[in-house]
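Me: Hi! Could you walk me through this one?

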Amino acid sequence: MPFDPKNWLASNTPVNSIVSFTGQIDSDTITRLVEESEQKIIDSNPENTKLCKVTIHVLVEALQNVFHHSDNDESGNNRIVCLSLAFENTGASLTIGNYITADKIQIVKDRIDQINALSKDELKKLSKLILSNQEFSEKGGGGLGLIDIARKTGTKLVYNFVPINENLYFYILKITIV
Amino acid sequence: MKTLTIEGTPKTPMVKFDGETGKIEIKGRSIPENSIEFYKPLVEWLDEYGKGPQKLTDVHVQLEYFNTSSSKCILDVFKKFETIVKAGHEVIINWYYEEDDEDMLEAGEDYQSIVKVPFKMIEVEE
């Protein structure tokens with residue numbers, strides 16, 4: 001049976017999920033998802049403004065990461081994302097997935113492993129180094145997105161790659177915000 | 001020179017650059033997918049302003065959120081102020097952050113350590 005992001009999300013969405021989405025994203029969809037999430041977060045926990053802010057910040061970075069870097073699915077559709085956001089008083093968890101070609105997997109794994117190995121201070125130094133020395137492209141922040149997520153959340157990034165065929169995988173990133 | 005005014009949107013900040021008074025304001029959210037496109041006119045305006053700036057350029061940056069693709073563009077804007085300072089003019093960047101927003105304070109401190117322009121960190125109530 002071929003991989004279906006909707007089925008995957010349905011079986012992996014936490015019971016306390018406040019937002020879930022599967023489909024193609026564009027700039028307007030990102031705006032809508034961020035606004036919808038923000039409202040639901042504020043409704044569910046109006047007291048913890050710091051957690052609300054970090055969660056929205058991480059959501060924006062994660063969605064825009066997919067917007068800029070996702071690969072096409074088997075039918076040639078681009079920017080297909082599956083997303084679930086669970087939010088509680090004590091923390092939040094974001095699961096986001098997109099298609100990725102096999103040749104990029106090692107690069108992404110190495111990148112995340114490198115980020116996960118760094119301390120808070122090391123992440124801060126790396127972030128400043130990239131910001132002050134590296135040219136950014138129209139696609140985004142010169143690799144700062146994941147570093148920024150790790151810096152803001154203070155937790156380790158968890159990844160998984162689900163094989164679709166020998167050339168295509170579904171890349172799933174789980175982010176915990178405390 | 002003509003004041004640069006851009007209305008805020010859910011993804012881009014309000015911008016008001018007044019060349020007559022030297023007051024520069026950026027306020028709101030900066031989370032567009034293509035930040036370079038948004039910040040290009042700001043950088044161009046500052047290039048022009050830098051040719052004959054006011055004695056004091058008073059910069060006010062009050063951002064609720066900004067994404068990493070905006071972070072480089074904001075640095076490009078700040079580097080224009082650095083050029084104005086190097087030319088012998090006074091610039092102050094007032095960096096606003098909400099009282100519980102340590103990340104925004106830290107972001108301001110990061111910029112402060114990269115560009116040679118005086119910063120003033122201003123805590124505001126939510």
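This is a predicted model: local features need pLDDT of at least 70, side-chain atom pairs count only at pLDDT 80 or more; totals for chains, interfaces and linings use all residues.

Me: How do α2(A) and α3(A) pack, angle and axes?
Reply: Helix α2 (residues 27-44) and helix α3 (residues 49-69) of chain A pack at about 160°, and their axes are 10 Å apart. An angle over 145 degrees counts as roughly antiparallel, so α2(A) and α3(A) are roughly antiparallel to each other.

Me: Which residues make the contact?
Reply: From α2(A) they include A:I30, A:L33, A:V34 and A:I41, and from α3(A) they include A:I56, A:L59, A:L63 and A:F67. By class, that contact has eleven nonpolar, three polar and one charged residues.

Me: And is the crossing left-handed or right-handed?
Reply: α2(A) passes α3(A) in a right-handed crossing.

Me: What is A:L33 in contact with, leaving aside neighbours within four places in sequence?
Reply: A:V19, A:F21 and A:L63. As for A:S20, it is 13 residues from A:L33 in sequence and 9.2 Å away in space, C-alpha to C-alpha.

Me: New topic: how many residues does the contact take from chain B and chain A?
Reply: Chain B gives 19 residues and chain A gives 24. On the chain B side, the elements giving two or more residues are α2 (68-86) and α3 (102-114).

Me: What is the side of chain B that touches chain A like by class?
Reply: That side has eight charged, six nonpolar and five polar residues.

Key. Residues are numbered from 1 along each chain as its sequence is written. Chains are lettered from A and ligands numbered from 1 in the order in which they are written. Axes are lines fitted to C-alpha atoms, for helices over the stretch in contact, and angles run from 0 to 180 degrees between N-to-C directions. Helices (H or I, at least four residues) and strands (E, at least two) are DSSP runs, numbered from the N terminus. Angles under 35 degrees count as roughly parallel, over 145 as roughly antiparallel, 65 to 115 as roughly perpendicular and the rest as oblique. A crossing is left-handed if the near helix is turned anticlockwise from the far one by less than a right angle, and right-handed if clockwise. Two residues are in contact if their C-beta atoms, placed from the backbone, lie within 7 Å. Ala, Val, Leu, Ile, Met, Phe, Trp, Tyr, Cys and Pro count as nonpolar, Asp, Glu, Lys and Arg as charged, and the others, Gly among them, as polar.
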